[in-house]
Amino acid sequence: MKLLVVGSGGREHALVTKLLQNPKVDEIFVAPGNGGMSTCCTPVDIKATDIEKMVDFAVENHIDFAVVAPDDPLVLGMVDALEAAGIPSFGPNKKAAILEGSKVFSKNLMKKYGIPTAKYETFDSEETAIAYVKAENTYPTVIKADGLALGKGVIIAQNEKEAIDAIHSIMGDKIFGASGNHIVIEEFLEGPEVSVLAFTDSHTIVPMVSAKDHKRALDNDKGLNTGGMGTIAPNPYYTGEVAKECMENIFLPTVEAMNKEGRPFKGCLFFGLMITKNGVKVIEYNCRFGDPETQVVLPLLQSDLLTIFEAVRDEQLAEVEVKFSSGSAACVVMASGGYPRKYQTGYEIEGLDNKGQAPGVTVFHAGTKFENGKFYTSGGRVLGVTAIGQNLEEAIQKSYEAVSKIHFKDAHYRKDIGKIK
């Protein structure tokens, strides 16, 4: 089989690593891919959002199955276009991907179907939004851009000035572009966060092993929000009891709600959850695999990923086994100094072999390029160093041991990934 995986980050490297374990797979094209993936796949110079070129490439190269990984092309309708051209694909169609594409849509869906989430209001003008935060006068408060913003469209305001500044920067200065035309203002929830990715074919839903993401740039959850500085799986807070509550109150009701709205969801449905004193609540939905959650979840998957993808696409998920190992995984992200703000790229990475790997771990490449037999930095998040252990402590230790032997100029990583308060 010839596969096409759309995307260029650590998540996509984790996906192709797992897909290559299927003996039926002869070749994987990655568009656009990155330096690390170029050692095991064939990179294709097409932007992840260029639907027309992507479809043309898939047809011309007789692609047997496509996997659309990032949010942007899913929200734009790439799966619809590939399927219309006769290319079987994994991922939600445009109608279903709105679950992540519009926070206003997802919050209204939760309200309509009684799915537990934070109290909120939506706004399409600065004036009414500012009037609301002044009237509520409750802090911290959470301000979210409606549309996609690279995982950074959320501002937690600690006081009135920060709230007004956030509203103005999103809606007035358009720091997230058109994604800020509408905003959601919601109550600040407290409790442990949990990420749960789930396979669903719109009838059956199968949650994967839970994960914990560390979003802040600096140790002890300080600094700016990033796309994610590291992850662990399973999440220690996600007990069997919590899992049961989530299945009954959140997972199944979400799939059913989307069916009732005429937007059946087939693909990977990501639940960002918070375990509050009033039960588990949904912080956000994503319409795809999380990054860097995928880098700890997929290494623990024992079943064949391509078989699952095909079953989801064909609405036969109930027929296949989805099994995870009982071990633990930890991923430490090595980023460019200055990320998520300004940073330099083009620095040589030392400590990797000619396949971009290191002993005892799997190195998932996010922002790298490969030239003349060497790897160089080319993005904010550069590498995700993932280790598996019999328990969390062992996985974390192995990951940090490997990180200490990988070097590039101004490398930055958190020293407390997996630390539970």
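**Strands, salt bridges and helices: reasons for the names**

Guide: In strand β22, L383 is the bridge partner of H365. The model is a predicted one, in which local features need pLDDT of at least 70 and side-chain atom pairs count only at pLDDT 80 or more, while totals for chains, interfaces and linings use all residues. Residues are numbered from 1 along each chain as its sequence is written, and side-chain values use heavy atoms, with hydrogens and water left out.

Visitor: How many bridges join β18 and β22?

Guide: Strand β18 (residues 328-336) is joined to β22 by eight bridges, again in the antiparallel sense. One of the facing positions is A330, which stands opposite A387 in β22.

Visitor: Why is β22 described as largely enclosed?

Guide: A residue is buried under 20% relative accessible area, exposed over 50% and partly exposed in between (1.4 Å probe, protein chains only). Eight of the nine residues of β22 (residues 381-389) are buried, so the rest of the structure largely encloses this strand.

Visitor: What makes the contact between D291 and R381 a salt bridge?

Guide: The term requires a side-chain nitrogen of Lys or Arg within 4 Å of a carboxyl oxygen of Asp or Glu. The closest N and O atoms of D291 and R381 are 3.8 Å apart, so the pair qualifies. D291 lies in the loop between β17 (279-286) and α10 (294-297), and R381 in strand β22, so parts 90 residues apart in sequence are tied together.

Visitor: Is D291 buried or exposed?

Guide: D291 has a relative accessible area of 15% and is therefore buried.

Visitor: How many salt bridges does the structure hold?

Guide: The structure holds 18 salt bridges. D71, E100 and R288 are linked in a network of such bridges.

Visitor: What makes α1 and α11 roughly perpendicular?

Guide: Axes are lines fitted to C-alpha atoms, for helices over the stretch in contact, and angles run from 0 to 180 degrees between N-to-C directions. Angles under 35 degrees count as roughly parallel, over 145 as roughly antiparallel, 65 to 115 as roughly perpendicular and the rest as oblique. The axes of α1 and α11 come within 8 Å and cross at roughly 105°, so α1 is roughly perpendicular to α11.

Visitor: Which residues make the contact?

Guide: Contact means heavy atoms within 4.5 Å. L15, K18 and L19 of α1 meet L305, L306 and F309 of α11.

Visitor: Why are α5 and α6 called roughly perpendicular?

Guide: Helix α5 (residues 94-101) and helix α6 (residues 103-113) pack at about 90°, with axes 6 Å apart. The two helices are therefore roughly perpendicular to each other.

Notes. Helices (H or I, at least four residues) and strands (E, at least two) are DSSP runs, numbered from the N terminus. Two strands pair if DSSP finds at least two bridges between them.
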